[in-house]
Amino acid sequence: MAAKGDYPIPKFHFQVEWGTDFRMGFTEVSGLDFETEVIEYREGNSKKYNKSKQAGLRKFSNVTLKRGTFEGDFDFYNEWSKTYYFQEGNKTGSKYRRTVTIKLLNENHEAIITWKLLNAWPSKVQSTDLKADANEVAIETMELVHEGLEIMEANN
């Protein structure tokens, strides 16, 4: 299928949907990648001196969310602290895993590409680094693990 527009899409206008009661103003989202692992095989009596390759398991990278640090806002830490309840076999686990939706928006604030992270939960939270001579905003980071990534054309 041919490209629909004349120019590539800018990457600075996006939206993250996490759920209710969570501030969504992120400055960066990274790690929206996926791959298929390769299974290599070769029999000892093969006349070819190379391995055959076939598709293996799918692998999804962790997704990193970054945002400015605000006074009194501990949402990242609070979400991460809920992982204490993820004990396998416990009915509370599914309550804290969620679908996270990331949308790339056009100039009319309409979604043009949507990524969905399935069964996502925060595995790591990193507070800002501190530097006495820096002229920067304090940025906090959250790393999400998930069990699948779906990409779809968005119709809003």
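**Entry 1: Thr64**

I began with Thr64, which is found in strand E5, residues 63-68. Helices (H or I, at least four residues) and strands (E, at least two) are DSSP runs, numbered from the N terminus. The model I consulted is predicted: local features need pLDDT of at least 70, side-chain atom pairs count only at pLDDT 80 or more, and totals for chains, interfaces and linings use all residues. Residues are numbered from 1 along each chain as its sequence is written, and side-chain values use heavy atoms, with hydrogens and water left out.

Is Thr64 buried or exposed? I found Thr64 buried, with a relative accessible area of 16%. Buried means under 20% relative accessible area, exposed over 50%, and partly exposed in between (1.4 Å probe, protein chains only). Leaving aside residues up to four places away in sequence, I listed its contacts as Glu28, Val29, Ser30, Thr141, Met142 and Glu143; contact means heavy atoms within 4.5 Å.

**Entry 2: Arg67**

I then looked up Arg67, also placed in strand E5. Arg67 is buried, at a relative accessible area of 0%. Its side chain makes a polar contact with the side chain of Asp73 at 3.4 Å. A polar contact is a pair of N or O atoms within 3.5 Å; within protein, one must be able to donate a hydrogen and the other to accept it, and residues adjacent in sequence count only if both atoms are side-chain atoms.

**Entry 3: Leu65 and the core**

Which residues touch the most other members of the largest nonpolar core? I noted Trp18, Leu65, Val100, Ile102, Leu117 and Leu144, out of 15 residues in that core. The elements giving two or more residues to this core are E5, strand E6 (98-105), strand E7 (111-126) and strand E8 (139-145). A nonpolar core is a set of buried Ala, Val, Leu, Ile, Met, Phe, Trp, Tyr and Cys residues joined through side-chain atoms within 4.5 Å. In soluble globular proteins, nonpolar side chains tend to be buried together.

For Leu65, not counting residues up to four places away in sequence, I recorded contacts including Trp18, Phe26, Phe76 and Leu144.

**Entry 4: Tyr77**

I turned to Tyr77, which lies in helix H1, residues 75-81. Tyr77 is partly exposed, with a relative accessible area of 49%.

**Entry 5: The whole chain**

I counted two helices and nine strands. Along the sequence the pattern runs β-β-β-β-β-α-α-β-β-β-β. Of the 156 residues, 26% count as buried. Among contacts between residues at least 6 apart in sequence, 63% join residues at least 24 apart.
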